[in-house]
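This report walks through some local features of one protein model. Please keep the sequence and the structure in view while reading.

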Amino acid sequence: MFSKDIGIDLGTANVLIFVKGQGVVLNEPSVVAVDAESKKVLAVGNDAKEMLGRTPGKIKAIKPMKDGVIADFEITELMLNNFIKKINCKNLFAKPRILICCPSNITQVEKNAIKEAAEKTGARKVFIEEEPKVAAIGAGLDISKPTGSMVIDIGGGTTDIAVLSLGGIVNSISIKTAGNAFDAQIMKYIKNKYKLLIGERTAEDIKLSIGTTYNNKKKEKMEIRGRDMVSGLPKTVTISSEEVKEALDDNVNDIVHNVKLILEMTPPELSADIINKGIVLTGGGALLDGLDRVLEDKLKVPVYVASNPLTCVAEGTGILLENINLVDI
């Protein structure tokens with residue numbers, strides 16, 4: 001039996017796995033629940049995410065990825081092993097080739113850690129590729145031509161901003177203003193304004209349900225529950241889309257600032273191409289209401305959301321597996 005080639009988008013928030021010939025076969029949160037005493041894995045992915053913030057003392061729900069890199073090597077290895085078993089890609093006769101993505105601008109040590117974690121799952125060969133390049137390919141951009149393309153990949157832990165041409169990255173930057181930072185900002189805003197403590201999951205629900213970054217685009221309200229910092233008792237408050245916009249303003253401005261830095265470093269000919277073709281938004285953060293409009297207004301460049309922002313990177317790995325000669329080994 002032949003081995004199957006696998007592409008892995010090893011994200012801070014989610015892990016997506018692409019199997020050659022089958023497409024994206026797994027999309028689950030990067031969370032592992034372990035027994036604190038025996039270190040035994042109790043749940044991985046969706047099941048483990050349900051336990052976040054709700055576990056008894058002896059069970060720990062761990063996010064082994066932080067800011068796009070491995071924070072806990074052992075747990076990452078266990079997580080990858082579990083996911084690969086789940087999709088049933090290992091067989092007795094052949095080991096798969098794995099293409100795994102990493103944020104741009106990470107150190108060689110961090111790249112080696114990601115590679116080693118993939119090798120320990122039993123891969124025959126491991127290729128590492130930078131996320132913005134793979135996201136651009138997955139979004140349908142032809143980066144092989146001598147014209148400039150720009151992609152902003154907003155994940156859970158990092159936002160990767162890159163200008164690409166002739167199959168490679170011309171300029172790129174990786175910043176920590178991404179999905180998790182949005183959630184943290186919402187938690188901070190509610191703590192300061194309402195003296196109410198909420199958890200990460202509630203903050204994420206607020207962002208997904210009523211979150212917006214654009215003036216007057218969304219006018220929705222949501223009831224949230226948390227712990228009152230004064231009385232220590234449970235309390236319910238109602239917050240609006242406008243308040244979420246206010247909470248996220250600093251994050252949006254940070255992304256705009258870094259996009260401007262990359263554009264300033266870009267050769268004029270490529271800048272002209274980007275003005276003509278526009279900037280493509282990928283990653284889960286691209287789905288944040290109004291973000292494309294805000295970026296367009298502030299950068300004076302057309303901004304488009306990819307048709308498949310959540311799976312761009314995973315689908316890009318599939319295209320690269322078909323053309324493995326394009327990978328920078």
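In this predicted model, helix α4 spans residues 131-138 and helix α10 spans residues 312-322. The axes of the two helices come within 7 Å and cross at roughly 85 degrees. Angles of 65 to 115 degrees count as roughly perpendicular, and α4 and α10 are therefore roughly perpendicular to each other. Which residues of α4 and α10 meet? On the α4 side they are E131, V134, A135, I137 and G138. On the α10 side they are C312, V313, E315, G316, T317, I319 and L320.

**Salt bridges**

The whole structure holds 17 salt bridges. Three of them are listed here.

| Pair | Closest N and O atoms | Relative accessible area |
|---|---|---|
| D5 and K20 | 3.4 Å | D5 6%, K20 30% |
| E28 and K86 | 2.9 Å | E28 11%, K86 48% |

D5 and K20 form a salt bridge with the closest N and O atoms 3.4 Å apart. D5 lies in the segment before β1 (6-10), while K20 lies in the loop between β2 (14-19) and β3 (23-29), so the pair ties together parts that are 15 residues apart in sequence. Is D5 buried or exposed? With a relative accessible area of 6%, D5 is buried. K20 is partly exposed, at 30%. D5 and K20 also belong to a network of salt bridges that includes R97.

The salt bridge between E28 and K86 has its closest N and O atoms 2.9 Å apart. E28 is in strand β3 and K86 is in helix α2 (residues 73-86), so this pair ties together parts that are 58 residues apart in sequence. E28 is buried, with a relative accessible area of 11%. K86, at 48%, is partly exposed.

**A nonpolar patch**

Which residues form a nonpolar patch on the surface? They are L197, M229 and V230, and together they have about 270 Å² of accessible area. M229 sits in the loop between β15 (221-228) and β16 (234-240). The relative accessible area of M229 is 39%, so this residue is partly exposed.

**Positive phi angles**

Two residues other than glycine have a positive phi angle. For N105 the value is about 65 degrees. N105 is in the loop between β9 (97-102) and α3 (108-119), and it is partly exposed at 47% relative accessibility. For K195, phi is near 50 degrees. Where is K195 found? K195 is in the loop between α5 (179-194) and β14 (196-197). The relative accessible area of K195 is 41%, which means that K195 is partly exposed.

T158 is in the loop between β11 (149-154) and β12 (159-165). At 7% relative accessibility, T158 counts as buried, because buried means under 20%. What is T158 in contact with, leaving aside neighbours within four places in sequence? The residues are D67, G68, P103, D153, S174, I175 and A178.

K145 is in the loop between α4 and β11, and with a relative accessible area of 45% it is partly exposed. The C-alpha atoms of K145 and G167 are separated by 7.2 Å, and the two residues are 22 residues apart along the chain. Not counting residues up to four places away in sequence, K145 touches S165 and L166.

S38 lies in the loop between β4 (32-35) and β5 (41-44). The relative accessible area of S38 is 49%, and this residue is partly exposed. How many residues apart in sequence are S38 and P146? They are 108 residues apart in sequence, and their C-alpha atoms are 55 Å apart in space.

Conventions:
Residues numbered from 1 in each chain as written. Predicted model: local features only at pLDDT ≥ 70, side-chain atom pairs only at ≥ 80, totals over all residues. Heavy atoms only, no water. Patch = residues over 30% accessible without salt bridge, like charges linked within 9 Å, V, L, I, M, F, W, Y side chains within 5 Å. Areas by Shrake-Rupley, 256 points an atom, 1.4 Å probe, with all protein chains shown as cover. Salt bridge = Lys/Arg side-chain N within 4 Å of Asp/Glu carboxyl O. Helix = DSSP H or I, 4+ residues; strand = E, 2+ residues; numbered from the N terminus. Buried < 20%, exposed > 50% of the residue type's maximum accessible area, 1.4 Å probe, protein only. Axes fitted to C-alpha atoms, helices over the stretch in contact; angles between N-to-C directions. Parallel < 35°, antiparallel > 145°, perpendicular 65-115°, else oblique. Contact = heavy atoms within 4.5 Å.
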